[in-house]
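In these entries I record what I looked up about pockets and surface patches.

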Amino acid sequence: MPEFTDPTEQSLWRPLRLLLNAMDDDIGRLYTERGIEGLKPTFVMELLRLHARGPMTITELAESVERTHSALSQKVAAMRKAGLVTTTTGDDARSKKVVLTPKAEEIVERLAAEWRATETALADLEAELPYALSRAVADIEEALARKSFHDRIAEKLADDPSWR
């Protein structure tokens with residue numbers, strides 16, 4: 001039997017994930033420095049959206065931030081645990097409305113300030129690079145519109161006997 005080689009030793013994605021995690025950690029440090037407890041950087045878009053648009057069902061909130069219902073349901077549960085949102089019965093008994101808590105309302109202006117500062121810092125960072133990350137993302141999106149990531153992976157797997 002041939003020796004198994006760990007395919008995770010090489011990764012094109014891992015550096016990007018580590019970079020994004022490090023940047024989120026830096027944003028999280030800003031919250032900690034301001035005494036904002038229980039807030040994760042990944043909650044901010046939803047909290048700002050709820051503040052701007054008012055209570056929404058999980059489905060409405062998911063659509064507004066381009067996430068799946070399942071992903072948003074999990075995030076809402078985590079935000080509820082952190083004391084940032086509550087849920088109430090929606091217009092029909094099957095749906096729930098997500099509502100900001102007073103704790104979230106108290107910090108939302110600071111979150112908006114952080115969002116603006118982060119976007120400006122990212123623009124400054126892009127100006128230091130030989131190419132804009134936002135351009136690279138747009139280029140990747142265009143390439144994936146021509147052929148999905150699923151189809152690209154499926155083609156590679158079709159030639160791999162281990163996948164069969």
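Before the entries, I note one term: a pocket is an open set of grid points with protein on both sides within 12 Å along at least five of seven lines. I also note that a volume is the space filled by probe spheres set on the points. The model I examined is predicted.

Entry on the second largest pocket. I found about 170 Å³ of space in this pocket. I listed its lining as Leu30, Tyr31, Glu33, Arg34, Ile36, Arg110, Leu111, Ala113 and Glu114. The elements giving two or more residues to this lining are α1 and α5, and α5 gives the most, with four residues. By class, I recorded five nonpolar, no polar and four charged residues.

Entry on the largest pocket. I read a volume of about 1,700 Å³ here. The lining has 38 residues, and Leu20, Met23, Asp24, Leu122 and Leu133 lie nearest the centre. I noted that α1 (14-33), α2 (44-53), α5 (102-128) and α6 (133-146) each supply at least two lining residues. The lining divides into 26 nonpolar, three polar and nine charged residues.

I recorded about 730 Å² for a patch made by Trp13, Leu16, Leu19, Leu20, Ile140, Leu144, Phe149 and Ile153. At least two of the patch residues come from each of α1, α6 and α7 (149-158), and α1 has the largest share, three residues.

Entry on leucine 19. I located this residue in helix α1.

Definitions and conventions:
Residues are numbered from 1 along each chain as its sequence is written. This is a predicted model: local features need pLDDT of at least 70, side-chain atom pairs count only at pLDDT 80 or more; totals for chains, interfaces and linings use all residues. Side-chain values use heavy atoms; hydrogens and water are left out. On a 1 Å grid over the protein atoms alone, a cavity is a set of points where a 1.4 Å probe fits but cannot get out, and a pocket is an open set with protein on both sides within 12 Å along at least five of seven lines; lining residues have an atom within 4 Å of a point. Ala, Val, Leu, Ile, Met, Phe, Trp, Tyr, Cys and Pro count as nonpolar, Asp, Glu, Lys and Arg as charged, and the others, Gly among them, as polar. Patches are made of residues with over 30% relative accessible area and no salt bridge: like charges are joined within 9 Å, nonpolar side chains (Val, Leu, Ile, Met, Phe, Trp, Tyr) within 5 Å. Accessible areas come from the Shrake-Rupley method with a 1.4 Å probe; for residues, only the protein chains shown count as cover. A salt bridge is a side-chain nitrogen of Lys or Arg within 4 Å of a carboxyl oxygen of Asp or Glu.
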